[in-house]
Amino acid sequence: MVDSSMTDSAKVSPGAGPSYAGWIGKLSNSPIYAATIGLVANSRMARLVLLLAIPLVWIVTLHIGPIYQMARISVMDNYPPAPGGTVYTLDNYRLFFQEPLYFMPFLRSIVFAVCVTATTLVVVYPVAYYVAKVVKPENRTRALLLLLTPFWAGELIRTFSVIMFLANRGAVNVFLREIGFIDRPIIMLYNYFSLSFGVIYLISLFMLLPLYSAIEKIPTSLVDAAADLGAGPWARFRRVILPLSRDGIISGCSLVYLTSIGVFAAPLLLGGPNSTIFPEIIASLFHGSSDKWPEGAAFSILMLAVSLSTVGLFMRVVGGRTVKLM
Amino acid sequence: MRDFTQTRRSTLKMLAAGTGILAAPSIIRPAMAQSKVVNITTYDKFVPQSFIDQFQKDTGIEVRIRLTDDQGKQYNLLAAEGNAPSTDIVTVTGHRLSQFITSNLLAPLDTGRIGNWNKLAPAYAGAPQLTIDGKTYGVPLLAGFEGLVRNTDYTKASDSWEIMFDEQYKELTSYIVSDFLSITMRYQGTDGDYVTYEGKDAEALEATNKARDFLIKNKGQVRKYYDAGSEVQQMFVNEDIYVAQAWSGPAAKLIMDGHPIELSIPKEGTYGFLYSFNVVNNAPNAEAAYKFLDAMLSSPEIGAAMTRQSGFASAFAGVDTVLDEKERAAMTLPDEQLQRIQFFSSKNRKMKNDMIDKASAEVKAG
């Protein structure tokens, strides 16, 4: 290809390869260029290595690496390692099964995550359907942006906004008192209600987007055809829309479940004395002053294993054989 | 063009490149450590912004603050960083020093490098809590205690921790579980600081379990367990709670801000603590750290600013004369009550930490 920055000799003999004037020419002829950009430009293998190295390093250092480190600490007897050397043991895992103290919050976390997932699905599905099917196509992006606006604020800010909403002197209680509906504040904060409300508010986006994406793809003609054949609204929903939005339901439920089973900041700020869930127990092991990192790491690995297994089972049960677990 | 075939050699080259990228920080970090910066791990509002701005302007040293709200968390973070700490100064209470020193996390303070050392209040200059084996390990900063805090609009006065278990205030109380376990032990007539339990594990465990069971039985009183001073402040402002166990600093701040709050020390007594700034072992910017400590001690106005922001009493000399009447009143208690403060000891910390941490988890999970 000939362009204006090329030298005259290059324009005359393009087959000899590009040769440029000025600083570009000097750069392209320099040994540093040849060793770096030139190597990538001229060598397919170098391009492949560069392409693979960046995501590989990312995945290893930020995803697999921390899990490996956690698993390694979970089988140590002390962390940081004691001067005499490290003893590897499974006692940290045995502790979970031996102490009923840890089992109840664990079970509570699973039940909480299941309930939050189911509630989020029920609450968000109609919203996703409305935006995907009822709102005119030219307004859908605007409607979606409107729903996404609260998520532009950080998670902690949104959690504090829930506190300001539900507190004894929060927006709800102040409003109800102003209109004379109540004399004393309704206790809405620091219990399962505020915890569930807050967590659903924080993670509903993870349900909304997959559902919206799945429902939007359902051809309207199928729904119209079902109506023409005599199917009522409930039948159309149950036999056409719901099955065709299954992928969205699976993705949304998986994301919401995995997020809510490990949620930590919201329970700390919104939960009460009777809503302690497992991540808080893990955190207390890491934050306590008696060096219980190996126990905390073991509990984290256990929770990771159980959450992934639960999600895998859910995907296989709901998704059927079409869903691959890996 | 050659087709790419995955070989052992190409894989090894890729892994070597990845290792190089991973190892880069340990090469870059020592070089960056020579830059003009000081990293401080401390509690919220301990270091006044006005002082930070002036210090940065005068010395050109950038001050970076990393917040903590718990001694245990601070210890764990420092222990995990090992010989390559990312902080230069930490904020350790006197009774926790031995734990940090045993783990080789703190460097003895060279008071000769702090020209303004003589500007500390006489009571704190040679504070025994900060001196171990003849070496000083911290610059005393702020003194506080765990007090009974109540909203005076909705509660009656009480000279006993019993008010925390009064049915009238069901779901209207709050406390830090680990702190309140010690206080409950004191309330029940046992040693919440574990000083007398050295070598008496069974007795200590019995006392701990008695307090734990009592708190679990009275769980219905609690609106929320909290960790940070700002949480209890927020709960009082929102009127989500009427009574709490809280550190004197956050409570005094509420009083200074004009909220209907009273801070007192009940007849069963309470525990006190002394915060200090400490230089960590292998601090990457030790020189800058000493300059910061020296500048901080230079004037009582800085101590007063720290008191105004945190609510805790300053360990610097002359701060009382700088505070106004309202500020002094917020932190002043009758002598009779002040006599009830027992400062946390550094003895038998491991037993205390182990038992209290376990009991705290049991109270929360119970």
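Predicted model: local features only at pLDDT ≥ 70, side-chain atom pairs only at ≥ 80, totals over all residues.
Residues are numbered from 1 along each chain as its sequence is written, and chains are lettered from A and ligands numbered from 1 in the order in which they are written.

**View 1. Overall form of chain A.** Chain A has 17 helices and zero strands (DSSP runs numbered from the N terminus: helices are H or I of at least four residues, strands are E of at least two). Its radius of gyration is 28 Å, well over the 20 Å that the globule rule gives for 326 residues, so chain A is more spread out than a compact globule. The radius is taken over C-alpha atoms, and the rule is 2.2 Å times the number of residues to the power 0.38. Along the principal axes, the C-alpha atoms of chain A fill a box of roughly 90 × 75 × 50 Å. Of the 326 residues in chain A, 29% are buried (20 or more other C-beta atoms within 10 Å of the residue's own; exposed means 12 or fewer, partly exposed in between; C-beta atoms are placed from the backbone).

**View 2. The side of chain A that touches chain B.** In this view, 31 residues of chain A are in contact with 36 residues of chain B (contact: C-beta atoms, placed from the backbone, within 7 Å). Helices α5 (44–74), α7 (100–134) and α16 of chain A each supply at least two residues of this side of chain A. The largest share, nine residues, comes from α5(A). By type, the residues on this side of chain A are 18 nonpolar, ten polar and three charged (nonpolar: Ala, Val, Leu, Ile, Met, Phe, Trp, Tyr, Cys and Pro; charged: Asp, Glu, Lys and Arg; polar: the others, Gly among them).

**View 3. Helix α3 of chain B and its cover.** In α3(B) (residues 71–81), the buried residues are Q71(B), G72(B), Q74(B), Y75(B), N76(B) and L78(B). Their cover includes α16 (278–287) of chain A, as well as β1 (37–42), β3 (89–93) and α4 (97–102) of chain B. G82(B), just after the helix, takes a positive phi of about 60°.

View 4. Most residues other than glycine have a negative phi. D133(B) has a phi near 55° and is exposed, with 7 other C-beta atoms within 10 Å. E171(B), in the loop between β6 and β7 (173–175) of chain B, has a positive phi of about 60°. E171(B) counts as partly exposed, with 18 C-beta neighbours inside 10 Å.

**View 5. The two domains of chain B.** Chain B is divided into domain 1 (28–143 + 273–329) and domain 2 (144–272 + 332–365), with bounds from an automatic or database domain assignment. The C-alpha centres of the two domains lie 26 Å apart. Their contact takes 20 residues from domain 1 of chain B and 19 residues from domain 2 of chain B. On the domain 1 side, α4, β6 (139–151), β11 (270–279) and α13 (325–331) of chain B give two or more residues each. The largest share of that side, four residues, comes from α13(B).

Conventions:
Contact = placed C-beta atoms within 7 Å.
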